[in-house]
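This report describes selected features of the structure shown below.

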Amino acid sequence: MTTAAAPVPAAAAALATRPIGMFDSGIGGLTVARAVARRLPHERIVYFGDTAHLPYGDKSTAAIQAYSIKICDLLLRQNCKLIVIACNSASAAAYELVREYVGSKAKVLSAIDPIVAHLGRAYAGRRVGLIGTKQTVNSNVYKKKVDDLDAGVDLHSLATPLLAPMIEEGFFRNSISDDIIGTYLSHATLADIDALVLACTHYPLIKEQIAAYYAGRVDVLDASDVVAAEAEAYLAARGLLAPAAATPPAHHFYVSDFTRSFEESTRIFFEQEVHLEHYPLWE
């Protein structure tokens with residue numbers, strides 16, 4: 001005789017239908033939203049891009065923390081069951097404060113900790129490269145967290161400041177961008193690495209070009225995929241995965257400052273038609 005699966009408690013079932021909240025200083029975090037949507041196609045996403053204050057990388061820690069808390073208030077009002085900080089700068093500056101502020105109302109995931117944990121599991125005792133913006137690399141946040149693992153991961157970080165603006169202009173998948181990417185990847189800092197962390201939410205859009213440069217010699221690690229896997233694991237372990245539905249979920253995308261160019265760029269990052277809604281959070 002087979003045993004029926006235990007029913008999901010009513011409270012958990014109600015929570016499961018709530019959306020996943022995500023935020024970034026702009027639209028780059030849509031690559032994380034894209035990874036989550038691919039891995040969890042039944043989950044509804046509420047995304048907030050703080051385009052009024054981008055980029056966060058040149059803001060003070062106190063300012064980023066203030067922005068993050070106010071955005072989390074909005075996401076909590078939307079009844080989000082999980083909040084993903086889809087931004088390296090905000091993850092570095094505000095994760096601990098946001099997690100404390102949100103408390104038991106929702107789980108908070110950073111863009112940094114899942115990939116750091118993955119390095120500890122998969123690349124202990126090995127040499128790993130990392131590329132990101134000047135702000136992310138200069139903050140040394142990845143190095144500190146990787147060293148705290150005490151797993152012998154030898155991390156070497158290189159700032160690659162031309163890549164994000166190049167991608168935002170849609171200037172990739174061509175020979176000139178191949179040359180720029182190749183110039184960065186041939187830097188001595190990244191010599192003899194076993195893996196490369198893409199530590200900027202823009203970089204998944206050039207992952208194929210980076211992988212082509214290495215021709216299988218180096219594992220190219222897309223942090224957005226690791227964050228999406230972490231989100232799935234957390235929700236599945238607690239019975240909070242959204243139930244399958246006949247129609248795809250209706251995602252919501254908010255920005256604090258609207259321009260037509262933002263909306264056009266979202267198609268590049270999310271790879272679907274996106275309607276941005278202006279939400280003047282700071283007015």
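## Aromatic pairs

The model contains 6 aromatic pairs, where rings of Phe, Tyr and Trp (its six-membered ring) pair if their centres lie within 6.5 Å, with planes under 30 degrees apart counted as stacked, over 60 as edge-to-face and the rest as tilted. One of them joins Tyr47 and Phe253: the ring centres are 6.3 Å apart and the planes stand at 50°, so this pair is tilted. Because Tyr47 belongs to strand E2 (residues 45-49) and Phe253 to strand E9 (residues 252-255), the pair ties together parts that are 206 residues apart in sequence. Helices (H or I, at least four residues) and strands (E, at least two) are DSSP runs, numbered from the N terminus. Both Tyr47 and Phe253 are buried, a term that means under 20% relative accessible area, with exposed over 50% and partly exposed in between (1.4 Å probe, protein chains only).

Tyr254 and Tyr279 form an edge-to-face pair, at 5.4 Å centre to centre and with 75° between the planes. Tyr254 lies in strand E9 and Tyr279 in the segment after strand E10 (276-278), so parts 25 residues apart in sequence are tied together by this pair. Tyr254 is buried, with a relative accessible area of 6%, whereas Tyr279 is partly exposed, at 25%. Tyr47, Phe253 and Phe270 form one aromatic cluster.

## Basis of the model

This is a predicted model, in which local features need pLDDT of at least 70 and side-chain atom pairs count only at pLDDT 80 or more, while totals for chains, interfaces and linings use all residues. Residues are numbered from 1 along each chain as its sequence is written, and side-chain values use heavy atoms, with hydrogens and water left out.

## The parallel sheet

An open sheet of 4 strands runs in the order E6-E5-E7-E8 with parallel pairing; two strands pair if DSSP finds at least two bridges between them. Strand E6 (154-159) and strand E8 (219-222) are the edge strands, each pairing on one side only. Strand E7 (residues 195-198) pairs with E8 in the parallel sense over 4 bridges. Within E8, Leu221 is the bridge partner of Val197.

Helix H10 (residues 207-214) packs on the sheet and touches E5, E7 and E8, its direction making about 165° with that of E8. Helix H5 (residues 113-122) lies across strand E5 (127-132), E7 and E8, and runs at about 150° to E8. Axes are lines fitted to C-alpha atoms, for helices over the stretch in contact, and angles run from 0 to 180 degrees between N-to-C directions.

## Helix surroundings

The axes of H5 and helix H11 (residues 223-237) come within 8 Å and cross at roughly 95°. The contact (heavy atoms within 4.5 Å) is made by Pro114, Ile115 and His118 of H5 with Ala223, Val226, Val227 and Glu230 of H11.

Helix H2 (residues 30-39) is mostly covered, with 8 of its 10 residues buried. Among the buried residues are Leu30, Val32 and Arg34. Their cover includes strand E1 (20-24), E2, strand E3 (82-85), H11, E9 and helix H12 (260-270).

## A loop glycine

Gly103 lies in the loop between helix H4 (88-102) and strand E4 (107-109). Gly103 is partly exposed, with a relative accessible area of 40%. Between Gly103 and Ala16 there are 87 residues of separation in sequence and 18 Å in space, C-alpha to C-alpha.
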